[in-house]
Structures are given as structure tokens and as C-alpha cells.
Amino acid sequence: MMLDETDKKILRLLQEDAHLTYKDIAKKINLSLTPVHDRIKKLEREGVIQKYVTVLNKDKLGKQLMVYCQVSLAKQTFDISEAFNAAIRNLPEVLECNLISGNYDYMLKVVVPDMESYHTFHQKKLSILSAVSLINTVFVISEVKNSFALPV
């Protein structure tokens, strides 16, 4: 889908604040209400806007420890990868899981309350998966930037 500058402005505004009303957006981009409504509905239909979510403060919810796990599989076969993917989808501590290139097969972003919780996650949930051969853990000391906004 080709996006014009007006579509991009709408997307930037919605990424900043998904609670903006059509009226608010129309006012900010100097357009009437109906075209803004129509454009947003089209962006939703076309899948450019996948969904609207609420971003929670992990610290206020007691999830202060963020960890990146680099995981190697026992074998890189389709069946083993699919079994690993299915297992990871059921672990709420894993916020992101990406198949990557390089020395490891997957990169996981994990959020837990503390080191003890991570140890339990590592020992009782991640390392017991039969697909897993090796786990390299990187602990986040400080978040420098955390953005969900894609550049448009």
C-alpha cells in the first residue's frame, strides 16, 4: 500500500497516542473528520494498523529485570523449530522471540521481576525444552531507548 504524507501524519499521531479521536487527528492535520475516518479505516483494513494496544510500565508492575536470551537449538530442522516456536508462544515472560542469523538461532526478550525469577524461568521453563541446546543470557543494566513507534 502506498502511503501519502497525510497517511503518514495520521500514523505518527496514532503511534504517539492511540486514544486520539478522529476529531483530534483531523484538527492536528488540518483535515475534516470524514476523510480522517475513511483513511484510518482503510489503514486498518489494509493491515497497516494491526491493532491498538496499551503500553504498561513494567517497573510499576514489578517486572524490573529485562533479559535477552540467545538460544541455540539442538538441530535446525523444521520440526524442532516449530516445537520451539510453539513452546515459546506459551511463555508469558517472553515478550519477543526472533529467529536470527549468526552464532545463535533465536533471540528472546524476557521480562521478570528479579534474578531469582529469571533463574526459575531459565531452569524450569526454557532450558527444559527439548529443542534447546544452548542459552546465552545478557542482562539489561539500563534501558536507553524503548520505542514502539515505527518510522513513517
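## Basis of the description

The model is predicted, with local features needing pLDDT of at least 70 and side-chain atom pairs counting only at pLDDT 80 or more, while totals for chains, interfaces and linings use all residues. Residues are numbered from 1 along each chain as its sequence is written, and side-chain values use heavy atoms, with hydrogens and water left out.

Helix H2 spans residues 22-29, and its residues Ile25, Ala26 and Ile29 are buried (buried means under 20% relative accessible area, exposed over 50% and partly exposed in between, with a 1.4 Å probe and protein chains only). Seen down the axis of H2, these buried residues fall within an arc of 100 degrees, so they line one face of the helix; the arc is that of the directions from the helix axis to the C-beta atoms. An α-helix has 3.6 residues a turn, so residues three or four places apart point the same way. Lys23, Lys27 and Lys28, on the other side of H2, are exposed. Helices here are DSSP runs of H or I with at least four residues, strands are runs of E with at least two, and both are numbered from the N terminus.

The cover over the buried residues of H2 includes helix H1 (5-16) and helix H3 (33-45), where contact means heavy atoms within 4.5 Å.

## How H1 meets H2

H1 and H2 pack with their axes 11 Å apart and at an angle of about 125 degrees, which makes H1 oblique to H2. Axes are lines fitted to C-alpha atoms, for helices over the stretch in contact, and angles run from 0 to 180 degrees between N-to-C directions. Angles under 35 degrees count as roughly parallel, over 145 as roughly antiparallel, 65 to 115 as roughly perpendicular and the rest as oblique.

From H1, the residues Thr6, Lys9, Ile10, Leu13 and Leu14 meet Ile25, Lys28 and Ile29 in H2. Divided by class, this contact of H1 with H2 has five nonpolar, one polar and two charged residues. In this division, Ala, Val, Leu, Ile, Met, Phe, Trp, Tyr, Cys and Pro count as nonpolar, Asp, Glu, Lys and Arg as charged, and the others, Gly among them, as polar.

The axes of H2 and H3 are 9 Å apart, and the two helices pack at an angle of about 110 degrees, which makes H2 roughly perpendicular to H3. On the H2 side, Tyr22, Lys23, Ile25, Ala26 and Ile29 meet Leu33, Val36, His37, Ile40 and Lys41 in H3, and by class this contact has seven nonpolar, one polar and two charged residues. Leu33, which lies in H3, is partly exposed, with a relative accessible area of 44%, and, not counting residues up to four places away in sequence, Leu33 touches Tyr22, Lys23 and Ala26.

H1 and H3 have axes that come within 11 Å and cross at roughly 80 degrees, and the two helices are therefore roughly perpendicular to each other. Thr6, Asp7, Ile10, Leu11 and Leu14 of H1 make this contact with Arg39, Ile40 and Leu43 of H3; the residues of the contact divide into five nonpolar, one polar and two charged. Asp38, also found in helix H3, is partly exposed at a relative accessible area of 44%, and its C-alpha atom is separated by 9.9 Å from that of Tyr22, 16 residues apart along the chain.

## Asn30, between H2 and H3

Asn30 is found in the loop between H2 and H3, and at 73% relative accessibility this residue counts as exposed. Although Asn30 is not a glycine, its phi is positive, at about 60 degrees. Most residues other than glycine have a negative phi.

In helix H5, which covers residues 115-126, Tyr118, Phe121, His122 and Leu126 are buried. These four cover an arc of only 95 degrees around the axis, which puts them on the same side of H5. The face turned away from this buried side carries the exposed residues Glu116, His119 and Lys124.

The buried residues of H5 pack against strand E1 (65-73), helix H4 (78-89), strand E2 (94-99), strand E3 (106-112) and strand E4 (132-139).
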